Amino acid sequence: MAVRAIRGAVQVERDERELVLEATTELVSEVLRRNELDSDGVISVLFTATPDLTSEFPALAARKLGLTDVPLTCAVEIGVPGSLPRVVRLMAHIETERPRSELHHVYLRGAQALRLDIAQ
């Protein structure tokens with residue numbers, strides 16, 4: 001079984017706790033759904049948030065979705081001038097038999113602009 005990484009991002013409307021949780025829930029749910037994963041197949045998830053999102057830890061949304069025994073962590077994304085604001089990103093490490101070409105990276109809402117080459 002191979003260890004692979006899946007990327008994803010979502011733009012949050014405003015820095016409000018419920019909006020951060022809602023957007024992150026949508027992102028994590030879509031990553032799991034599109035890649036036909038459950039918590040047993042997820043090794044760990046690293047979340048980052050742009051410096052303008054401080055109202056909640058994105059990892060809390062993953063915990064509420066049932067990823068209770070998966071190592072999760074949050075960090076601050078580099079504040080590059082001119083970059084897209086209010087974005088939660090994730091990198092999920094998974095165990096899978098699938099080749100990289102069959103994994104689905106997920107970019108939602110305004111974050112689709114980050115990766116037009118792979119956003120669905």
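**View 1. Strands β2 and β4 side by side in the predicted model.** Strand β2 (residues 42-49) runs antiparallel to β4, and seven bridges join the two.

**View 2. Strand β1 against β4.** Here β1 (residues 2-11) pairs with β4 in the antiparallel sense, over 10 bridges. L90 turns up again, this time with G8 standing opposite.

**View 3. T96, in strand β4.** T96 sits within β4, which covers residues 87-96. Buried or exposed? With a relative accessible area of 9%, T96 is buried, because anything under 20% counts that way. A polar atom of the T96 side chain lies 3.0 Å from the backbone nitrogen of R98. Skipping neighbours within four places in sequence, T96 touches M1, A2, R4 and L103.

**View 4. The annotated binding site: R7, R89 and Y107.** The "binding site" label on these residues comes from an unreviewed UniProt entry. They span 101 residues in sequence, yet no two of their C-alpha atoms are more than 8.9 Å apart, so they gather at one spot.

View 5. R89 belongs to strand β4 and counts as buried at 15% relative accessibility. Beyond its neighbours within four places in sequence, R89 has contacts including R7, G8, F47, E77 and L114. Y107 is in strand β5 (residues 106-108) and is also buried, at 3% relative accessibility.

Key:
Residues numbered from 1 in each chain as written. Predicted model: local features only at pLDDT ≥ 70, side-chain atom pairs only at ≥ 80, totals over all residues. Heavy atoms only, no water. Helix = DSSP H or I, 4+ residues; strand = E, 2+ residues; numbered from the N terminus. Buried < 20%, exposed > 50% of the residue type's maximum accessible area, 1.4 Å probe, protein only. Polar contact = N/O pair within 3.5 Å; in protein donor to acceptor, adjacent residues only side chain to side chain. Contact = heavy atoms within 4.5 Å. Pairing = 2+ DSSP bridges. UniProt positions renumbered as here; feature names shortened; annotations may be inferred.
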